[in-house]
Amino acid sequence: KMPSPVDVSQNGNARHAEAAPSLFEIEEDLARLLERPRQVNIERKRSFDERSFSEMSMTHSPPRQVYKNSENSSRVFDNMVGVYSPGRWSGIHTPRSTFGYEPHPIIGEAWEALRRSIVNFRDQPVGTIAAIDNSAEELNYDQVFVRDFVPSALAFLMNGEPDIVKNFLLKTLRLQSREKKIDQFKLGDGVMPASFKVSHDPVRNYETITADFGESAIGRVAPVDSGFWWIILLHAYTKSTGDTSLAEMPECQRGIRLILGLCLSEGFDTFPTLLCADGCSMIDRRMGVYGYPIEIQALFFMALRCALFLLKHDEENQECCDAIIKRLHALSFHMRSYYWLDIKQLNDIYRYKTEEYSHTAVNKFNVMPDSLPEWVFDFMPTRGGYFIGNVSPAHMDFRWFCLGNCISILSSLATPEQASAIMDLVGSRWQELVGEMPLKICYPAMEGHEWRIVTGCDPKNTSRSYHNGGTWPVLLWLLTAAAIKTGRPQIARRAIELAESRLLKDSWPEYYDGKLGRFIGKQARKFQTWSIAGYLVARMMLEDPSHLGMISLEEDKQMKPTMKRSASWTC
């Protein structure tokens, strides 16, 4: 029998939270929380990763912030300010939630399902498998995926169960050191696996782990995002537990340097963004995201900031840290200048001249105004904006991608003004981006001739299905985190309530199809682990916003662009 998410003492009595607030206090706190949009400050004092990059020098490095564990808890967010957090633990720990009402009935079911997905290696939990759906062929859904495990890891950290996260980080780090070859070509030393599988030999009574670095993946593409997620998760573990010893291990320090060594090396690039193949991230099939996709750039930026916090500032890491700081400045300027789209920028592009030559060119990428899609003029609200999907010579992908924009908010790649504009867009275009189930992975969907050319007639990525405008419940945790950070908890609450009305009843599908996300995906797996974990993380963050501190980075004031917003394309 699975353990209940409710903590029970040795005498069998459920451990109750602190005295529930009165109804008047609840209403007063909620009114204060919802009175106006505002940016949420996570900590009273800026931690090391939140200080300006310009303040850092290798000769006079500021002391690293040390988080101390209390006797009874490994929680470290005791210095919160600007967030509403009525209780120390989220509602899953107690018979009653922190607001004094009964927790939603699907929370217990979600925890039971999440625990059933746990994978053990030699009697130690090392991750969660992608899905437990006995009605469909396993394929690789019985493996532990790095990106899929992130919401599971956050759920366990928020629930005070860090051991499985630590084991996962160490196990994947050891897998990084293995030789990686596809046919006759050897991959870089820093590549992290997309997934791994634990196999048991009943004859020898012995367990082994087999990793997939892309050699078995559809399209044979290495996972660019895995290394970034690993660094981000190590940062979340460190901030949540206060345990700096894991990140400071020589093996972890080397692992971070190897990952970033793949990205910071000099070459023929004229942009600070990363050049990637199609299918190298969550969208792991051909979807026209090759080039410089927003998802990879946002994760890259966040991983760089997390790495700067995790790396010891000593002589061994000096060159890497210097390279990180330089790239962060260049990357933030590039993304905020050339990827950002609002109604003013859209009008500027509409009026572009082409074939400009010289340093004074306004249309720097020689984008043809006639390439602007018709839908973007109706989609763009008067108030709002977003980071577009891709920018490269003579090409701009104007599609909205949820993960990249949410990570841009959490990493502070987006300025506070841009972050608010992104949430304005979500609110204005709720039907298109959320509908009846959160959340569209991208918008709009491709169809007809465009779908045939771009996807290669992919039967799984038909219009408004799977990666092509499908609805993915896992994205709920990212929207919730972004909404809380920007002071819009009502957006998160509305999306969570939609998810709660369907997810358990529909057996936690991987994705939904249709314009409004009304139908369970035609090839969607049931009991998809990150759908379960994504909901739990979203619910826990909404009940206790201090959880946001492990996954959100504050803005660096000195990285603000020097240009005016209305002229951000002209330098």
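Leaving aside neighbours within four places in sequence, Leu-475 is in contact with Met-282, Cys-402, Leu-403, Leu-439, Lys-440 and Ile-441. Contact means heavy atoms within 4.5 Å. The structure is a predicted model: local features need pLDDT of at least 70, side-chain atom pairs count only at pLDDT 80 or more, and totals for chains, interfaces and linings use all residues. Residues are numbered from 1 along each chain as its sequence is written, and side-chain values use heavy atoms, with hydrogens and water left out.

Leu-475 also belongs to the largest nonpolar core, which has 168 residues. A nonpolar core is a set of buried Ala, Val, Leu, Ile, Met, Phe, Trp, Tyr and Cys residues joined through side-chain atoms within 4.5 Å. Buried means under 20% relative accessible area, exposed over 50%, and partly exposed in between (1.4 Å probe, protein chains only). The residues with the most contacts inside this core are Trp-230, Ile-231, Ile-324, Tyr-386, Leu-475, Trp-477 and Tyr-535. Helix α7, residues 294-310, gives the most to this core, with 14 residues. Helices (H or I, at least four residues) and strands (E, at least two) are DSSP runs, numbered from the N terminus. In soluble globular proteins, nonpolar side chains tend to be buried together.

On the scale of the whole protein, there are 17 helices and 15 strands. Of the 571 residues, 58% count as buried. Among contacts between residues at least 6 apart in sequence, 73% join residues at least 24 apart. The accessible surface comes to about 24,600 Å², and 51% of this belongs to carbon and sulfur atoms. Accessible areas come from the Shrake-Rupley method with a 1.4 Å probe; for residues, only the protein chains shown count as cover.

Aromatic pairs were counted next. Rings of Phe, Tyr and Trp (its six-membered ring) pair if their centres lie within 6.5 Å; planes under 30 degrees apart count as stacked, over 60 as edge-to-face and the rest as tilted. By this rule the count comes to 20 aromatic pairs. The rings of Phe-168 and Phe-196 have their centres 6.3 Å apart and their planes at 35°, so this pair is tilted. The pair links distant parts of the chain: Phe-168 lies in helix α4 (residues 163-176) and Phe-196 in strand β6 (residues 195-201), 28 residues apart. Both Phe-168 and Phe-196 are buried. Trp-472 and Trp-530 form an edge-to-face pair, 6.2 Å centre to centre with 85° between the planes. This pair also links distant parts of the chain, 58 residues apart. Trp-472 is in the loop between α14 (448-455) and α15 (476-485), while Trp-530 is in helix α17 (residues 529-543). Trp-472 is buried at 2% relative accessible area, and Trp-530 is buried at 7%. Elsewhere, Phe-271, Tyr-292, Phe-333, Tyr-338 and Phe-365 form one aromatic cluster.

Two charged side chains sit over rings. The criterion is NZ of Lys or CZ of Arg within 6 Å of the ring centre and within 35 degrees of the ring normal. The charged end of Arg-494 sits over the ring of Trp-430, 4.1 Å from its centre. The charged end of Lys-180 sits over the ring of Phe-213, 5.1 Å from its centre. Lys-181 and Phe-213 are 32 residues apart in sequence and 8.4 Å apart in space, C-alpha to C-alpha. Lys-181 is found in strand β4 (residues 181-182). At 39% relative accessibility, Lys-181 counts as partly exposed. Beyond neighbours within four places in sequence, Lys-181 is in contact with Lys-186, Leu-187 and Glu-215.

Strand β6, which holds Phe-196, is part of an open sheet of three strands with the order β3-β6-β7 and antiparallel pairing. Two strands pair if DSSP finds at least two bridges between them. Strands β3 (144-145) and β7 (206-212) stand at the edges, each with a single partner strand, so one side of each is left without a neighbour in the sheet. Two bridges join β3 to β6, and Val-144 stands opposite Phe-196. Seven bridges join β6 to β7. The bridge partner of Lys-197 in β7 is Thr-210. β6 and β7 form a hairpin with four residues between them, and Asn-205 in the turn has a positive phi of about 55°.
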